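Subject: Structure handover and notes on contacts

Dear colleague,

I am passing on the structure below, together with my notes on its contacts and surface. Please read the notes alongside the coordinates.

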Amino acid sequence: MPARIEDTARTILDTVVVVDGAPIVTEKKVDALTKVLKKLFSEAGRVREDGFYMPIGPDGKSKGYVFIGFETPEQADNAVRGLNNKRLDNKHTLLVNKFTDIEKYGDDDEEEEEYIAPPEEPYIEQEYLRSWLKEPNAVDQFILYKGESVGVFWNRKSEAPEDIVNRGNWTETYVAWSPLGTYLCSVHHQGVQLWGGDEFGRKARFVHPGVQLLDFSPCENYLVTWSPEPIQLMPEDSPMRAAFPFTASDEGKQIVVWSVKTGMPVRTFSSSVGQDNERGPGPQGPKKISWPAFKWSSDDKYLARVVPGQQIFVYETPGMGLLDKKSIKIEGVVDFEFSPAVIKGTGKKDEPEHVISYWTPEISNQSARVTLMTIPSKEVIRTRNLFNVAECRLHWQDKGAFLCVKVVRFTKTKKSTFTNLEFFRLTEKNIPIEVVELKDTVINFAWEPAGDRLVIISTSDAPAAPAAPVATPGARPAAAKIPGMPGPGGAVKTLVSFYGLERSKGVNGQFRQISTVERKSSNSIFWSPKGRVVVVAAVGGTSNNTGELDFWDFDFEGEKKEIPGAEEVPANLALMATGQHYQLTDIEWDPTGRYVATSSSMWGRAMETGYRIWDLKGLLLREEHVERFKQFLWRPRPHTLLTKDQQRDVRKNLREYSKVFDQEDIAEESQASKELIAQRLRLLEEWRAWRKAVDAELEEERGGIVPLAFKSGDDDDEIIEEIVEEVIAEKEEEIED
């Protein structure tokens, strides 16, 4: 064959891809399948008029593979890069390869008659990404981001933190942990990088130019990134083109859902879906978007986003196709939330399903409404009609047993507002609803983790009903706060109220108020991840914020106080300690609930930047002022592997374990004292050696004559050093069991 004809033939074959894994259909459905596949592959490039061939077998059915020809080889490359492993539906995943890839495996004529086994590659052990959990004393790690330096440290209580790794220019904007602590994320102009293992080596890289916001799925299977810069394809001759993961169908999109395992995009979305982007502060301020853009089910199986006023899109992983291939049309829908856990008995035939809650405002003659719907069956299991509604907020208890809807209502005059709390009990028959009416407006609300107690902050000086939460591109990721609470400089007189659920002989009663205290400027609630202890604080980095901290214990082990009207509530509330952190901007509990860190970040306009570490009782353990301090982040831990029975046994025998822990603490302190003494002796010996060397030099310079003042003393002199411990005061207290 002439060379020119051979080159032409090869060029034509280079435009053809082989698609395997297609559905096997009868001849009646071939046209419909052809239409679907042509539409899908036209996203990668233009399919030639004669470039689609689906073989049909003698039985009149398709064979499950298709040949598709594009106009250029580059378009065929786009199809392989963007559509290989594409999930067409729940039963079919497409495998796409170039037709010319067969040359990689050689012609049949060139095959060796005798099989030759390929060389065995040496086994390379991979790093264990959760190795930090092996620390025998369950010591936690945290990030310190200051100046241009990012460091990861072990928490050593009151001692200086132990350095694990410290790198300059590790990130360009901010850092974050993945939800289970497996990865450290650094954010750069060109994309996001994941780091992990003992040495924090790079584990993944996601190319997304201009990326500013990121969000993980709960189980760390997926990463969502957003950039204000729409995706643009690189020129074909660009050396970076081969590493660029996007195809023509992704062009103009701003949100990318990535697979963490493969490092490849699963699907891209436009950020214009939903409410129009708003401008931030200032005439030319950056745009604001609702973030996170998607909300996830607890098992990563579903993700969803809302188009305000119209519909909710629910996508199913891993194919990222619409659930049942259509959205959920809901007129006027404002917001929704996934239940944090699968709830038993909510689906058809009492099968456990996910639940989404959403609310719609008053439209024409229709009242406002809160609705519970199961996913994936899309069955409405409960509705609640509401009147005179200014705004609603949906707060799930983390086990999904309760949903609290904070309803801001107008008074009859429409000049002011007040709040109702509507509690949906999803684990009880017919999902009963309890209403708690309040005179003031609630500005913050928080459930106890894994519990049924809660704290609210209310005020009679509340601002108007707030807009939906937004994120400002280019700004640091802010701590999650309830929209409408007083921000920096917005201190108002507030009331902090504590509630619990009555329990009598194992039967749930009503939510009762345990106590209410008045606080000058408290605006934030931070529960320990293990429950029981809660910190109520005034957060905001302005000069008029003194950063008051209140440490409350719901199960104080002292004398139980009688609570009129709440005798059956299992709680004994006590204020353990108060503290202060001037210009406080952030608060974070460690994942074990033993320590809490407060910090003042330069991002929050604080003048005095740094951090403090407190124990759960409110005792200040460590304080460090840090110039240009930006972030303090505890490393999260994955969920415990212990069963409920094993956890119950641990709590039952906690006193016995505590004795062992106390002994270990004493031994640790003793070891620290020994190390301090050894260090002092080493310094003393170094000084003596230096003094002896100086004496020798002086004696040599003066011809063997050394002034009396410089003599070290007789060689037979014995120096004795004693370390004396003096008890300043002693105090005995009796603690009742």
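The structure holds 31 salt bridges, where a salt bridge is a side-chain nitrogen of Lys or Arg within 4 Å of a carboxyl oxygen of Asp or Glu. Before the details, please note that this is a predicted model, in which local features need pLDDT of at least 70 and side-chain atom pairs count only at pLDDT 80 or more, while totals for chains, interfaces and linings use all residues. Residues are numbered from 1 along each chain as its sequence is written, and side-chain values use heavy atoms, with hydrogens and water left out.

**Salt bridges**

One of the salt bridges joins D335 to K295, with the closest N and O atoms 2.9 Å apart. This pair links distant parts of the chain, since D335 lies in strand β24 (residues 335-338) and K295 in strand β19 (residues 295-296), 40 residues apart; helices (H or I, at least four residues) and strands (E, at least two) are DSSP runs, numbered from the N terminus. K295 counts as buried because its relative accessibility is 19%, where buried means under 20% relative accessible area, exposed over 50% and partly exposed in between, with a 1.4 Å probe and protein chains only.

E623 and R612 form another salt bridge, their closest N and O atoms being 3.0 Å apart. E623 belongs to strand β43 (residues 620-625) and R612 to strand β42, so this pair ties together parts that are 11 residues apart in sequence. E623 is partly exposed at 37% relative accessibility, whereas R612 is buried at 16%.

In the salt bridge between E428 and R425, the closest N and O atoms are 3.3 Å apart; here E428 is partly exposed, at 27% relative accessibility, and R425 is buried, at 6%. D14, D77 and K98, in turn, are linked in a network of salt bridges.

**Aromatic pairs**

There are 33 aromatic pairs in the structure, counted where rings of Phe, Tyr and Trp (its six-membered ring) have centres within 6.5 Å, with planes under 30 degrees apart taken as stacked, over 60 as edge-to-face and the rest as tilted. The rings of F142 and Y611 have centres 6.4 Å apart and planes at 55°, so this pair is tilted. Because F142 lies in strand β6 (residues 141-146) and Y611 in strand β42 (residues 610-615), the pair ties together parts that are 469 residues apart in sequence. F142 is buried, with a relative accessible area of 1%, and Y611 is likewise buried, at 1%.

Y611 also forms a tilted pair with F632, at 5.3 Å centre to centre and 40° between the planes. With F632 in strand β44 (residues 629-634) and Y611 in strand β42, this pair ties together parts that are 21 residues apart in sequence. F142, F153, Y611, F629, F632 and W634 form one aromatic cluster.

**Surface patches**

L642, V650, L654, Y657, V660 and F661 form a nonpolar patch on the surface, with about 490 Å² of accessible area together. Such patches take residues with over 30% relative accessible area and no salt bridge, joining nonpolar side chains (Val, Leu, Ile, Met, Phe, Trp, Tyr) within 5 Å and like charges within 9 Å; accessible areas come from the Shrake-Rupley method with a 1.4 Å probe. Helix α5 gives the most to the nonpolar patch, with 4 residues.

E697, E699, E700 and E701 gather in a patch of negative charge on the surface. Of these, E700 lies in helix α5 (residues 654-701) and is exposed, at 68% relative accessibility.

Best regards

How values were computed:
Lys and Arg count as positive and Asp and Glu as negative; His and the chain ends are not counted. The place of a charge is taken as NZ of Lys, CZ of Arg, CG of Asp or CD of Glu.
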